[in-house]
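User: I would like to learn how to read the features of a protein model. Can we go through one step by step?

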Amino acid sequence: MTAYLIRRVLQSILVVFISAVASYVLLSFAPGGPLSGLRQIQQSGRFRITEEDIARIRASFELDLNLPVRFGRWLIGVPRGPLVIGGKEYFAEMVVGCRRPVEAEVTNSRGVVEIVTVGCKEDVLLKDLVGRRTSRGVLLGDFGLSWRLLRDRPVSDLIESRIPKTLQLIGLETLLSLIIGIPLGIYSAVRQYSRFDYIFTTLAFMGSAMPSFFFGLLFILLFSILPKNAGLAYIPAGLSESVRNYTIPLIGEVIAGSFKDRALHMILPVAVLTILNVAGWSRYIRASMLDVLRQDYVRTARAKGLGQKMVILKHALRNALIPFITIVVFTIPGLFSGAIITESIFAWPGMGRLYILALGDYDYPVAMALFFILSVLTVIATLLRDVLYTIADPRIRLH
Amino acid sequence: MLRNRLFFVMGLLVVASMILSACGTPAPVATEAPAVEQPVATEAPVPTEAPVTPTSFTTPHPILGDLKVRQALSYCTNKADLIKSVYPLVNEETQANLIMNTFIPTSHWAYAGDENVTIYPFDAAKGAALLDEAGWTLAEGASFRTNAAGDELALKFTTTSAAFRQTWAAIWEAQMAECGVRVVRLHAPASWWFGDTTGIARRDYELGAFAWVGQADPGGQTLYACDQIPLPENGWVGQNAMGWCNELASTNIKLANNTLIKDERIAAYTIVQQEFTKDIPSIPLFNRTETFAAAADLSGFQPVPGQEYYNYNIQDWEKAGSDTIVIGFTQEPASLFTLVEDAFVANIAYQIVRPAQEVHLNYDFKATLVKDLPTIENGGTTNNDVEVAEGTKVMDADGNVVDLAAGVFVMNAAGEKVEFTGGTITMKQMVSRFDLIDGLKWEDGTPVTGADLELGKKISCDPESGATSFITCDKTASTEFSDNGYTQTWIPGVQDPLYFLPVWAIFPAHQLGDLAAKDWATDPRVAETPLSYGPYKLVEWVKGEKLVFAANENWVGTPAKSPNLVIQIITPESAEALLLGGEIDILDSTSLAGLSETLAAAEAEGKIKTFVEAGGTWEHIDIQLFTR
């Protein structure tokens, strides 16, 4: 087991590295970015931008460095300048980028005129990197500075501001989904073809089929806007807490920022996410349980005279949970990544929305940080899944 | 051990990648570009010195080159119906206010007035008659007109694929069909239509629709002057893609953009608008709207056309029965260091604590934090004749800051474009005096002084600060600061019509005087909690959630009526629900795409108020006057 874990950890590091390289390269080639639009500004009379201004802006975003060099600085914070051994500098004159590229308009094979880089007027040398600001590298937990969303300030500030809200939302929702979904699935399987099973299956199917934005808007209308207009008790429509104190019929005055206020604001987004998860997970558990309940060893257990509770919980459920483990462990990256649509509908300041904003605003340091953390969590979840398999099913041995 | 090995491997990878990258870097180019497919230009285009003699785009467009056809298209265009198609919920009065007659909004100070321009009211019969006169007749039973040669009157119409444009373009297509003109619509990707080397930039259209953004200063020189027609011969420089060259209009648009006397500017713009509406190189359609919504019990909130930042009077806002006003932002400011972050939301938030030194209500200028805007008319600015010798920094005739040398073209004191050949030359040099209003203080009670303005200049002109453009610094010959203001001397040749606007930002020298420019963008005192001299001070910024403000007791102006103000970060999806739910009080035009049925219904029920203003952005159809 120990050898297996060590081997898997090493493999995981490789996987994370490869995914980091892949996502970094892909984002580097994505259109847009901080330089888009500068060409138009350059021609404008009152706000003229010179070639030197553009070179400076490129340097401030490290866009004047070659991709591998940028990646190295992002990953581990090097190179920061020439290699110094025994007080002597090496590779100081090595070209690591281009400060002023030469651009030309060319007609490509499709007849479309495009601007391409055809040379370099002024190189960036390794020695030029001395004194440039850079992060310590993501491996040391420094994700660098945000390009857009929190301009020139640490990406970690952004992530730290969103994480607690996402953990609250997704953590509670996952917990409720497990508490409700698993018993529902079991009961429905045990009572297959009963009236409850038909109703449950129908509702679960509807729950799985309905998109979260539909539920979100429906809930806002049904539980917030309509009852409020009717003077009835209502639930706040969005945000994670209120700015002003307010009064709800039956509940009374709610102090902005109080526990009661925050709890009330969580109800609708948690309810939407829980319904969606319960619908999916309970159907999964039901199907898995039905498979197991048909197995010979369950029949044998019953033939031996074991009680229904013992058969279900000890013999059937344990085996039925094995495939379910795969789903549950992958909620770990989900705890971090948030719920994009639900957060948007309810203006919940979580990680899901941060994702969308980072990609939409070309804030690649933020996007890369999120990709990197998610890939690490996914790898950890995978490893955890394998370990949990051995606990759920003693027949499984890891070598 | 494992960790050491890991770092060793990583180090090797990085070194290897550096070597690989060094091998892959293109060699520096000294004189010419490597052989690639048809290189055209190697530098960003700059305006040319000598006039360009076109060898292409010299043949008048066979259909659109005829003025009668252009007039017919104008008469056949029912602008009111186009507006109704995209703003169906806006009341008729507002719809009527959106109609554009020229390239300047009707409420603008530079608008020539209805009586001074040719207006083309919707009149399909008149349009049809003009087409008949032009030789495009409608055969019996036919849907579209033909000429004597049997060619159909068909025109290619290009615009973006945005739903907004698809909507009104479909209506316009039908309007043209009513007059017997077939319009073939092409909704191209914006990346192509607005591309650097495609679409408008290459004059690749017959009829082309897009929008310009109008401002308090109408500009227009790059759009309507004869020497601003993009051609292959001049590297496609200029924005006059229609190819419109009317000498009278061209002379006057330059005059309007370069004279400093407002009355002269108005007269020049009037001539340009007269010629513009006579020649019809473009059909102005309508202003886009800017929509705001506010709680019904909020008073004082009053967006005004031409004033970009609607919080110009934030101290007058008041919510009945509440000590807090909540503005919903669907985009969080990235930083409040507006020298590097110029997004609209950042400026709105910034101006709550540091209001602008002037406002642009109804497209006109009004001083707020300076005693007066120093114009030539009021004596605050002098435009002196100065002798300039070789080596002096001047602005050349194309607006570039250069050292005066033989061969440089400049505008002399008589306003003529001349080549400098040596010796000295007499040029114009402006000197303006700006004085802060009395009693302006920082939130900590420290008076705002010339030292704060001096810091503003220092940071604005330091490349280390992260500022993007330094054109203002380059154009400055000197600035002399005093206790309550400064005297700004521009380099010879600077004749900017907006010379009277305050130049330098105000930064707290007593707080940030020692902060190195390179640290400004990252310092929270600059980017997150700027010290206030405005009606509110920033108390707290909870990232991703809200910015909390409180009334600033040291504000020199009218005290804020609402003790507290919050900018709540919301999402576009939740915006209307939060307003109707009472969680927020104001939604601005960045959060609202337009007036929705939900908002209109809520207003009818008296729950909210909506404000639909004519925005600065206006839609138009440009006409290609020549073919390649």
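User: In β22(B), which residue is the bridge partner of Ala294(B)?

Analyst: A general idea comes before the case. Strands of a sheet pair through backbone hydrogen bonds, either parallel or antiparallel. This is a predicted model, and in it the bridge partner of Ala294(B) in β22(B) is Ile586(B). The pairing of β5(B) with strand β22 (residues 586-587) of chain B is antiparallel and has two bridges.

User: Which residue of β23(B) stands opposite Ala294(B)?

Analyst: Lys609(B) of β23(B) stands opposite Ala294(B). The strands β5(B) and β23(B) run antiparallel and are joined by 12 bridges.

User: How many residues of β5(B) are buried?

Analyst: In β5(B), 14 of the 14 residues are buried, so this strand is largely enclosed by the rest of the structure.

User: In what order do the strands of the open sheet in chain B stand?

Analyst: The order is β3-β2-β4-β23-β5-β22-β8-β21-β20-β19 in chain B, an open sheet of 10 strands with mixed pairing. At the edges stand β3 (182-188) and β19 (536-542) of chain B; each has a single partner strand, so one side of each has no neighbour in the sheet.

User: Which helix packs on the sheet?

Analyst: Helix α11 (residues 344-353) of chain B does, touching β8 (324-329), β19, β20 (546-551) and β21 (564-569) of chain B. The direction of α11 makes about 130° with that of β19(B).

User: How many bridges pair β4 with β23 in chain B?

Analyst: Seven bridges pair strand β4 (residues 207-213) of chain B with strand β23 (residues 608-623) of chain B, in the antiparallel sense. Trp212(B) has Trp618(B) in β23(B) opposite.

User: Now a helix. Which residues of helix α3 in chain B are buried?

Analyst: Again, the general idea comes before the case. An α-helix has 3.6 residues a turn, so residues three or four places apart point the same way. In helix α3 (residues 79-86) of chain B, the buried residues are Lys79(B), Leu82(B) and Ile83(B). They cover an arc of only 100° around the axis, which puts them on the same side of α3(B).

User: What do the buried residues of α3(B) pack against?

Analyst: They pack against α4 (92-97), α6 (163-178) and β5 (282-295) of chain B.

User: Turning to chain A, how many helices and strands does chain A have?

Analyst: Chain A has 14 helices and six strands. Of its 399 residues, 36% count as buried.

User: What is the radius of gyration of chain A, and what would a compact globule have?

Analyst: Chain A has 28 Å, whereas a compact globule of 399 residues would have a radius of gyration near 21 Å. Along the principal axes, the C-alpha atoms of chain A fill a box of roughly 85 × 65 × 50 Å.

User: Which domains does the assignment give for chain A?

Analyst: The domain assignment gives domain 1 (36-143) and domain 2 (157-392) of chain A. The centres of domain 1 and domain 2 of chain A, taken over C-alpha atoms, are separated by 44 Å.

User: Last, a single residue. Why does Leu317(A) count as buried?

Analyst: Leu317(A) counts as buried because it has 20 C-beta neighbours inside 10 Å. Its place is in helix α10 (residues 308-329) of chain A. Leaving aside neighbours within four places in sequence, Leu317(A) is in contact with Ile186(A) and Ile312(A).

Notes:
Residues numbered from 1 in each chain as written. Chains lettered and ligands numbered in written order. Predicted model: local features only at pLDDT ≥ 70, side-chain atom pairs only at ≥ 80, totals over all residues. Pairing = 2+ DSSP bridges. Helix = DSSP H or I, 4+ residues; strand = E, 2+ residues; numbered from the N terminus. Contact = placed C-beta atoms within 7 Å. Axes fitted to C-alpha atoms, helices over the stretch in contact; angles between N-to-C directions. Rg over C-alpha atoms; globule rule 2.2 N^0.38 Å. Buried ≥ 20, exposed ≤ 12 C-beta atoms within 10 Å, placed from the backbone. Domains from an automatic or database assignment. Arc of directions from axis to C-beta.
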